[in-house]
Amino acid sequence: AGLRRKIKHFIRKAIIYGTIVTALSLTILVLTLPNIDDLNKVTKAQSILVKAEDGQIIGSFGDIYGEYIAYDELPPSLIDAVIATEDRNFQHHFGIDPFGLLRATYANIKAGRVVQGGSTITQQVAKNVFLTPERTFIRKLKEMLLALKLEYRFSKEEILSIYLNRVYLGAGSYGIDAASRRYFEKSARDLTLAESAIMAGLLKAPSRYAPSSDPARSRKRADQVLVNMEDAGYLTKQQSERARKELANSMKGRKPNSQSTFYFADWIADQLPEYIGNVDDDLVVITSLKPEWQSIAEKSIHEVMAKDGEKMKAKQASLVAMSPDGALRVMIGGLNYADSQYNRATQSQRQPGSAFKLFVYLAGLENGMTPDTTMEDEPVSVKVAGGYWRPQNYTHRYNGTTTLKEAITESINTIAVQISEAV
């Protein structure tokens, strides 16, 4: 009997002290939670968008934010798509969804791995805006407490608006408007049902499902979002089928962005300070690159390397194409940007070779020669220190009397040397 009394006394004390410690810990956590008053303020670094001649984005640097879109300006289809896919009980829970947590736990145990998350949209706002992505119990507890605080302070409409205007949606784009302009070149206010499904699909894994990186995977994910919307009662079977057809049309002809354009975008970004100085504002840079030509060049360079690379003992290649007015139309700095960001078109050093003949011929023209001036294409011997220099043509053949126009067309070495010696 005495031992039982001691055990009961110990248990009572343990409960009291445990309750006190828990209450103190929660109080400390609550007091150290971040301030949510400035939730709508965005602090970001300068962003730079590099576009091709036709307006297609070929590179971005920094964080891209679009216009803040209020809840009542968001397309209803987007709101429905996000709630159906991310948090179906959003309008009814208090920031934490116990049933959602139980459902996710059951699904994860059944699958033997994490296949569902139990976080609400409010919890995602708390995590994305205020907390780190570390997976610890304390961080999760802070996330839940912050979610309760957000629900107390803001309406459901405000929380959803904050979420969609702050969430990362791939390609350096933060917020629904920046992503809409990035992927569809329109304001988020004008998104169609199919486009809303694509946007909602991005929330799971932005880089993986971005239409710019993998159109086929993006469409498949958007199709699942439409299934979710139908299942949640936001769409009828007929509306879902119409949206699916629209989705097929909107993704038709879409191709993944060519990584080779990143070489060019990097080169542009490196030169900006020289052109514009130190500017803190966001920048949009329109360039002369032609994406269609870039794709053709990329395909060609890979075909050549597959055919002749090993034979020529070449492991890398680069290519530059310019129009007669000097506009740069194509730049490929290597075979694979992901493997190597070193730009062999602009950063590697090599002998100028025949490119230097331009300066030699210009010197000749400035000293009275004309395109019709003739010279003898024949063996040449030039006295230099220590002996004689005897340059030859690449073909080891000589054409006799030749005009300068013909000589530069054929890139004849002997004529270029004679011009150099003459002037």
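I began with contacts, meaning heavy atoms within 4.5 Å. Residues 24 or more positions apart account for 64% of the contacts in the protein with a separation of 6 or more.

The model is predicted, so I noted that local features need pLDDT of at least 70 and side-chain atom pairs pLDDT 80 or more, while totals for chains, interfaces and linings use all residues. Residues are numbered from 1 along each chain as its sequence is written, and side-chain values use heavy atoms, with hydrogens and water left out.

**Overall**

I looked up the secondary structure and found 16 helices and 11 strands. These are DSSP runs numbered from the N terminus: helices are H or I of at least four residues, strands E of at least two. Of the 423 residues, 39% count as buried. Buried means under 20% relative accessible area, exposed over 50%, and partly exposed in between (1.4 Å probe, protein chains only).

**Helix 11**

I checked the length of helix 11, residues 237-251. At 1.5 Å a residue, its 15 residues should span 21 Å, and the end C-alpha atoms are 21 Å apart, which agrees. The expected span is 1.5 Å times one less than the number of residues.

Next I listed its buried residues: Ser240, Ala243, Arg244, Leu247 and Met251. They cover an arc of only 110 degrees around the axis, which puts them on the same side of helix 11. The arc is taken from the directions from the helix axis to the C-beta atoms. On the face turned away from that buried side I found the exposed residues Gln238, Arg242, Lys245 and Asn249. The buried residues pack against helix 8 (193-202) and helix 10 (215-231).

I then took the axes of helix 8 and helix 11, which come within 8 Å and cross at roughly 80 degrees. Axes are lines fitted to C-alpha atoms, for helices over the stretch in contact, and angles run from 0 to 180 degrees between N-to-C directions. Helix 8 and helix 11 are therefore roughly perpendicular to each other. Angles of 65 to 115 degrees count as that, under 35 as roughly parallel, over 145 as roughly antiparallel and the rest as oblique. Helix 8 contributes Leu193, Ala194 and Ile198 to the contact, and helix 11 contributes Gln239, Ala243, Glu246, Leu247, Ser250 and Met251.

Helix 2 (residues 76-86) and helix 10 have axes that come within 9 Å and cross at roughly 90 degrees. That makes helix 2 roughly perpendicular to helix 10. From helix 2 I noted Ser77, Asp80, Ala81, Ala84 and Thr85, and from helix 10 Arg221, Val225, Asn228 and Met229.

I followed up asparagine 228, in helix 10. Asparagine 228 is buried, at 12% relative accessible area. Not counting residues up to four places away in sequence, asparagine 228 touches Ala84, Thr85 and Arg88.

**Helix 7**

Helix 7 (residues 176-184) is mostly covered, with 8 of its 9 residues buried. Its cover includes strand 2, strand 3 (64-65), helix 2, helix 6 (156-166), strand 4 (173-174) and helix 8. Glutamate 185 follows helix 7 and has a positive phi, near 55 degrees.

**Phenylalanine 61**

I ended in strand 2 (residues 57-61), at phenylalanine 61. At 25% relative accessibility, phenylalanine 61 counts as partly exposed. Leaving aside neighbours within four places in sequence, I found phenylalanine 61 in contact with Gln46, Ser47, Ile48, Val50, Ala265, Asp266 and Ala269. Phenylalanine 61 and alanine 269 are 208 residues apart in sequence and 8.3 Å apart in space, C-alpha to C-alpha.
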